[in-house]
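Subject: Structure handover

Hello,

Here is the structure we talked about. Please open it alongside this note and follow the residues as you read.

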Amino acid sequence: MFETLSAIALTASASIVVAFLSYALARTSLGRLTAAGVLVGWFALVVTIGATGALDPARGVGVPGLGLTVALPVAVLAVAFFSAASIRNAMLAIPMPAMVAVNAIRILGVIFLILQAAAELPAPFAPSAGWGDIFIGVTALPVAWAMLRFGPRARALALIWNMIGIADLVNAVALGALSAPGPLQVFAGPPSSALMTTLPWLLIPGFLVPCLMFVHIVIFYRLAKTEAAAPARPWLNGGAARGVWG
């Protein structure tokens, strides 16, 4: 039952991310439909990989394969953002509080804690990834509200929150690799983190983590641009400050 509910929750979260990025990556209807098609295709590929057991550590591709599954999409999205002006301009047009708010789905980090309690995921991987995601998920909406309400005065808060969000994802991936069977394993099981190569759990490192990492990269880029432009901007407050994050 828990696995079924988790599959539903993770698929719903992935749908939210697909809808958000489809809208954010382009400014035309055709562009957004194309982005949606690519994202849905990527999601389907991750499901296929999980269903076939392609990343099963017993096949010798566990850690390297999962690492590639996480890193390659982040690299592709980042390259697309920095090299394609149309994508970059579209992402820069999305209100930054919305980019922060989409991270509210990370409250599903509670899944890691439940799996650890059931002795299906090891420490320190599960509690670190779980509590880190819960923190980012719970604070996403308050930080987004602060950005809307206080404008540039919330920049430091947004920057700290964003750095913690990135660190949480990097830490989770690193601890997951160090807890998986293979030459890199430091935290010996059982249990191990091999469960994350199966469905529905593969949806987290294979799809949600790369998408949210990309969002964090864009937020960091935009916060850096805000800082660079700060001398030319008044320190606004209230509703007038909202345009700063536009």
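Start with helices H1 and H6. They pack at an angle of about 165 degrees, and their axes are 12 Å apart. That makes H1 roughly antiparallel to H6 (angles under 35 degrees count as roughly parallel, over 145 as roughly antiparallel, 65 to 115 as roughly perpendicular, the rest as oblique). Axes here are lines fitted to C-alpha atoms, for helices over the stretch in contact, and angles run from 0 to 180 degrees between N-to-C directions. Helices are DSSP runs of H or I with at least four residues, strands are runs of E with at least two, and both are numbered from the N terminus.

H1 passes H6 in a left-handed crossing. Left-handed means that the near helix is turned anticlockwise from the far one by less than a right angle; right-handed means clockwise. Phe2, Ser6 and Leu10 of H1 meet Ile111, Ile114 and Leu115 of H6. Contact means heavy atoms within 4.5 Å. By class, this H1 and H6 contact has five nonpolar residues, one polar and no charged. Ala, Val, Leu, Ile, Met, Phe, Trp, Tyr, Cys and Pro count as nonpolar; Asp, Glu, Lys and Arg as charged; the others, Gly among them, as polar.

Before going on, some ground rules. This is a predicted model, where local features need pLDDT of at least 70, side-chain atom pairs count only at pLDDT 80 or more, and totals for chains, interfaces and linings use all residues. Residues are numbered from 1 along each chain as its sequence is written, and side-chain values use heavy atoms, with hydrogens and water left out.

H1 (residues 2-24) also packs on H2 (residues 29-52). Their axes come within 8 Å and cross at roughly 150 degrees. H1 is therefore roughly antiparallel to H2. This crossing of H1 and H2 is right-handed. On the H1 side, the contact is made by Thr11, Ala14, Val18, Leu21, Ser22 and Tyr23. H2 brings Arg32, Ala35, Ala36, Leu39, Val40 and Phe43. These residues of H1 and H2 divide into nine nonpolar, two polar and one charged.

Next, H7 (residues 125-150) and H8 (residues 155-178). They pack at about 160 degrees, with axes 9 Å apart. H7 and H8 are therefore roughly antiparallel to each other. Their crossing is left-handed. The contact includes Phe125, Asp133 and Phe135 of H7 and Trp161, Asp168 and Leu175 of H8. By class, the contact of H7 with H8 has 15 nonpolar, six polar and two charged residues.

Now the charged side chains. The count comes to two salt bridges (a side-chain nitrogen of Lys or Arg within 4 Å of a carboxyl oxygen of Asp or Glu). Arg106 and Asp133 meet in one, at 3.1 Å, N to O. Arg106 lies in the loop between H5 (96-101) and H6 (110-117) and Asp133 in H7, so the pair ties together parts that are 27 residues apart in sequence.

Arg106 and Asp168 also meet in a salt bridge, at 2.7 Å, N to O. This pair links distant parts of the chain, with Asp168 in H8, 62 residues apart from Arg106. Salt bridges that share partners join Arg106, Asp133 and Asp168 into one network.

Are these residues buried or exposed? Arg106 is buried, and so is Asp133. The relative accessible area is 4% for Arg106. Asp168 is buried too, at 8%. Buried means under 20% relative accessible area, exposed over 50%, partly exposed in between (1.4 Å probe, protein chains only).

Best wishes
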